[in-house]
Amino acid sequence: KEAVNSEIYIDKSMLIAFTNKNARTLQKNICVSRPRRFGKSMAADMLAAYYGKGCDSSELFESLKIAQCESYQKHLNQYHVIALNMQDFFSVTKSVEELVAYIQETVLCELKETYPDSIPEHERFLSFALAKLFSKTGQGIVFIIDEWDCILREKQYALEEHKLYLDFLRNLLKDKAYVSLCYMTG
C-alpha cells in the first residue's frame, strides 16, 4: 500500500500476469537478477500482497493494469505466501547453519500458530510441515525470496556454507507439490 501511494510509484503490475501464467507449471520457479535499485524488492512485495490470502488486497490492484487481465481474479489472494528477505535473516545470524535453523524455526512457529489443525506441534522440518499443510488444505504456497543470493555475495569463499544454503533451498523448493510459485530476487 505504501508503494502504491508513493509519488514515484510506477505500475509494474503486469509482472503479475507473467507470474500467473507460470504458477502451477514447470516454469513456476522464477529468479530475477537485476542491478541494485531496479525495484526487485518492491516487485517482491507487490507479489506477496497480490497472492497472499491473509487479506483482501483487491483495492490496491483494482486501478492497476493487472486488473484488466483475465487471470487477475483467479489468483488474487488465493495462496499461502511465505515471504523471506534473506538479508534480514543473514544480518542477525553468525553462520549459514544458524541462518537455516533460524528460518526453519521462525517459519515453522508462524505456520503452527496460523494452522494448528494442519501442522503437528512436534514437526521440526519446514518442508514436511508444508507438505502436511498442502495435503490437508489442497492450497499451494507462493514463495517470495528477496535477496536470495546475499550469502553467496557476503561469503564468497565459504563453499561449504554455500552448499548448506543451496541444499536447504533445494530441499524446500525443488519438485515439491506444495510450491505453486517461487519468485526469487538477487
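**α6 against α7**

I started with helix α6 (residues 96-114) and helix α7 (residues 126-137) in this predicted model. Their axes come within 10 Å and cross at roughly 25°. The cut-off for roughly parallel is under 35 degrees, so α6 is roughly parallel to α7. I looked up the hand too: the crossing of α6 and α7 is left-handed.

Who makes the contact? From α6 I noted Gln 104, Val 107, Leu 108 and Leu 111. From α7 I noted Leu 126, Ala 129, Leu 130 and Leu 133. Sorted by class, the contact of α6 with α7 has 7 nonpolar residues, 1 polar and no charged ones.

**α6 against α9**

Next I turned to α6 and α9, whose axes are 9 Å apart and pack at an angle of about 20°. That makes α6 roughly parallel to α9 as well. Left-handed or right-handed? I have α6 passing α9 in a right-handed crossing.

On the α6 side, the contact is made by Val 96, Glu 97, Leu 99, Val 100, Ile 103 and Gln 104. On the α9 side I wrote down Glu 161, Leu 164, Tyr 165 and Phe 168. By class, the contact of α6 with α9 has 7 nonpolar, 1 polar and 2 charged residues. Gln 104 is listed in the contact with α7, and Gln 104 turns up again in the contact with α9.

**Positive phi**

I then went through backbone angles, bearing in mind that most residues other than glycine have a negative phi. Glu 147 has a positive phi, near 60°. I placed Glu 147 in the loop between β3 (141-146) and α8 (150-154). Is Glu 147 buried or exposed? Its relative accessibility is 13%, so Glu 147 counts as buried.

Asp 175 also went on my list, with a positive phi near 55°. I found Asp 175 in the loop between α9 (159-173) and β4 (179-185). At a relative accessible area of 69%, Asp 175 is exposed.

**Cysteines**

How many disulfides does the structure hold? I got 0. Cys 69 is at 21% relative accessibility, and the cut-off for buried is under 20%, so Cys 69 counts as partly exposed. Cys 109 has a relative accessible area of 42% and is partly exposed too.

Key. Residues are numbered from 1 along each chain as its sequence is written. This is a predicted model: local features need pLDDT of at least 70, side-chain atom pairs count only at pLDDT 80 or more; totals for chains, interfaces and linings use all residues. Side-chain values use heavy atoms; hydrogens and water are left out. A disulfide is a pair of cysteine sulfur atoms within 2.5 Å. Buried means under 20% relative accessible area, exposed over 50%, partly exposed in between (1.4 Å probe, protein chains only). Axes are lines fitted to C-alpha atoms, for helices over the stretch in contact, and angles run from 0 to 180 degrees between N-to-C directions. Helices (H or I, at least four residues) and strands (E, at least two) are DSSP runs, numbered from the N terminus. Angles under 35 degrees count as roughly parallel, over 145 as roughly antiparallel, 65 to 115 as roughly perpendicular and the rest as oblique. A crossing is left-handed if the near helix is turned anticlockwise from the far one by less than a right angle, and right-handed if clockwise. Contact means heavy atoms within 4.5 Å. Ala, Val, Leu, Ile, Met, Phe, Trp, Tyr, Cys and Pro count as nonpolar, Asp, Glu, Lys and Arg as charged, and the others, Gly among them, as polar.
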